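Biologist: I would like to go through this model term by term. Please set each value against its cut-off.

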Amino acid sequence: MSKVSLDEIVKFSKRKGFVYPSSEIYGGFAATYDFGPLGALLKKNLEKQWRYWNITKRTDMEEIEGAIFMHPKVWEASGHVGGFSDLLVEDTETKKRYRADHLIEDAGIMENAGALTAEEIDKIIIEKGIKSPDGNSLSSAKAFNLLVKTHLGPVENDTTIAYLKGESCQNIYVDWKQVVETTRRKLPFGIAQIGKVFRNEITVKQFMFRTREFEQMDVQYFCHPNEADKFYEEWKNYRFDFYTQSLGFSQDNLRWRQHDEDERVFYATDAWDIDYCFGALGFKEMEGLHHRGSYDLDQHSKFSGQDLTYLDPYTNERFNPFIVECSGGFTRIFLAMMFEYYSEEQVKEGETRIVFKAPYNLAPYKCAILPLMKKDGLGDKAKEIFASLRTQGIMCNFDESGSVGKRYRRQDENGTPWCITIDYDTLNDETVTIRHRDTMVQERVGISELGEWLNSEKF
Ligand code: ATP
């Protein structure tokens, strides 16, 4: 298990252009981040892998892309407005608010305080003498709704209130019937979505681990109630395998955590998290798998007055299907990738290198073109190869500054699996040197074979 600190990951991400603080020339804006060139590529590659594993490779999945603004009633039906909310306490001096469960967890009193009631929280705060991070006393706990609220249209009043999507599953529930009708799907089948989510989190901390704007990767699997237990188990295994097989995460960095009965929402019959070990931060939730029953469709049916039932064409049975939910935080998975692939290794006595060991499919650049010299036609030849590979759809980088050794190190940090060096022999025999990121072994390959060689995903 890696014990790399969050601080190292933050600095590395910024220095290399994976992730920058957003609006930094204005001093940044709390817990918002931009993906730089390397980060944007890594993110797109993760999206591609996720889509392949959860949708393309299966025959029982569809994908939708829902709107960020949804009818305000959606959030009443889901329980976010007027229902479930987080409990906050206020610093009686500074008036700053904090998530009560986080303060209790941070004080080391318990690992998961999310299920505590307001009364239990008040009791713990008094008994354990918990203070605010500024050392002041705290108010009693009060419920707070995490949805980001806005007004749409020219006037601002109670009738124009709208909320930004607080969880990406809601589009899927609301659209479920239309997906059945338009695709003519029969149960069991699932609907996936990758989408932006907004939560007015009170405590934003630990870099991209908890932000107010993030993305979720969701699978909602619809099935007959009698089959829900079976599919729940299947999806649990399938999602775990995604991390080890598709993203190449080490088993040691992953663990299962079952929710206690009082931690689960009342309608869920079972809930597990896949936790990831975020270096020195330790194990934390990365994805939640929930056995939700038919609660979501029941609620939307009740609040919209629409029949959302499924008519089984074989048995003529009519019912609201049960749902197995796999909800992963895209930005958290991205952060996990930064921890997983970041490594420092000793090359020889007194010399270390940082290598970003992303698997080939996920690596931001597949290769880098390095002319040994800019002069004597080597630079021009290198640019020609660079342009040709880009035209073939191979995402590659070009670097002509500094010694070749320094350029290799830069590309190791970028996670580039292969460096292609153009030297004097290239001009005579149309071959280049390919240097492998992980083994540092070099071999000679003909320029005409490069496209095929790189596309064959040898990593
Ligand atoms: P937490 O307990 O950490 O607040 P949650 O249980 O509320 O998370 P869900 O609503 O189940 O989370 O969301 C599914 C996934 O979305 C989580 O497993 C996590 O990876 C991600 N996620 C939730 N909140 C945030 C956030 N504020 N920033 C980044 N990712 C988040």
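Biologist: Which residue takes a positive phi just after H8?

Modeller: Gly305, at about 75 degrees. Helices here are DSSP runs of H or I with at least four residues, strands are E runs of at least two, and both are numbered from the N terminus. The model is predicted, so local features need pLDDT of at least 70 and side-chain atom pairs count only at pLDDT 80 or more, while totals for chains, interfaces and linings use all residues. Residues are numbered from 1 along each chain as its sequence is written, and side-chain values use heavy atoms, without hydrogens and water.

Biologist: How many helices and strands does the chain have?

Modeller: The chain has 13 helices and 23 strands. Its C-alpha trace spans about 75 × 65 × 50 Å along the principal axes.

Biologist: Why is Asp273 called buried?

Modeller: Its relative accessibility is 1%. Buried means under 20% relative accessible area, exposed over 50%, and partly exposed in between, with a 1.4 Å probe and protein chains only. Therefore Asp273 counts as buried. Asp273 sits in strand E12, residues 270–277.

Biologist: What makes the pair Asp273 and His259 a polar contact?

Modeller: Their side chains are joined at 2.9 Å. A polar contact is a pair of N or O atoms within 3.5 Å; within protein, one must be able to donate a hydrogen and the other to accept it, and residues adjacent in sequence count only if both atoms are side-chain atoms. So 2.9 Å falls within the 3.5 Å limit.

Biologist: Which residues does Asp273 touch beyond four places in sequence?

Modeller: Arg255, Trp256, Arg257, His259, Glu285, Glu287 and Gly288. Contact means heavy atoms within 4.5 Å.

Biologist: Which residues come nearest to the ligand?

Modeller: Glu201, Arg210, Thr211, Glu285 and Met286, out of 16 residues around the ligand. A residue is near a molecule or strand if one of its heavy atoms lies within 4 Å of it.

Biologist: Which element gives the largest share of the ligand shell?

Modeller: E13, with five residues. Strand E13 covers 283–293. Strand E10 (213–223), strand E16 (322–329) and helix H9 (330–341) also give two or more residues each.

Biologist: Which residues of H8 are buried?

Modeller: Tyr295, Asp296, Leu297, Gln299, His300 and Ser301, in a helix of residues 295–304. Their cover includes helices H3 and H6 and strands E10, E13 and E16.

Biologist: What makes a set of residues a nonpolar core?

Modeller: They must be buried Ala, Val, Leu, Ile, Met, Phe, Trp, Tyr or Cys, joined through side-chain atoms within 4.5 Å. The largest such core has 58 residues, and Phe249 and Met286 are among those with the most contacts inside it. H9 gives the largest share, nine residues. Phe249 contacts residues including Met286, Ile333 and Tyr341. Another core lies apart, with 20 residues, among them Trp418 and Trp453.
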